[in-house]
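Please keep the view open while you read.

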Amino acid sequence: MVESGVASVEVRSRYVFFFSSRRRHTRYISVTGVQTCALPIFSASGVISVTGAATLGADVTLDTTGSSTTGANITFTSTINGAHALILKTGTSGDIDLKGIVGGTSLASLSATGAIITLEKAVTTTGAQSYTGATTIDGDLTSASGVISVTGAATLGADVTLEIGRAHV
């Protein structure tokens, strides 16, 4: 259980299951191993780092802004799967780095808001993808039926394919 005001939380195991109510105001969260995440995690300007494959067990929000517009970094070092929505918020000073394939099992949607957003591999959703901030895209973006939008400077770091079902880019 992550308590309000805790300075840091570090979890290292093969399986970590989060099935609980809203947690907030930790300063640093580091999770290593295979994750199933099914709750929002709010951090008061503290880094969130997930090392290992992650599966969404419900719609999930990771927010490092606390009560301000600034925030801290959010990093996923491996794959993210699960037929649920993922919302990532790092405010005006935090970065989002998704190093693995996102949506090998399609996510419902993905929304990322941060100073710098880096998509190092392919992203696949059944619904919308929204990126707000300076975004570097190194992998294909695919949406079965939702809009793909980038608000801010976009940099293509590789040959990229944008594929949508019945919506608009």
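1. A word on the model first. This is a predicted model, in which local features need pLDDT of at least 70 and side-chain atom pairs count only at pLDDT 80 or more, while totals for chains, interfaces and linings use all residues. Residues are numbered from 1 along each chain as its sequence is written, and side-chain values use heavy atoms, with hydrogens and water left out.

2. The chain has 17 strands and zero helices; both are DSSP runs numbered from the N terminus, with at least two residues (E) for a strand and at least four (H or I) for a helix. Of its 169 residues, 43% are buried, meaning under 20% relative accessible area with a 1.4 Å probe, protein chains only.

3. Leu-88 is worth a click. Leaving aside neighbours within four places in sequence, its contacts (heavy atoms within 4.5 Å) include Phe-76, Leu-98 and Leu-110.

4. Finally, visit Ile-80 in strand β7, residues 80-81. Ile-80 counts as buried because its relative accessibility is 0%. Its C-alpha atom lies 4.8 Å from that of Val-102, 22 residues away along the chain. Beyond neighbours within four places in sequence, Ile-80 contacts Val-102 as well as Ala-54 and Leu-107, among others.

Technical notes. Buried means under 20% relative accessible area, exposed over 50%, partly exposed in between (1.4 Å probe, protein chains only).
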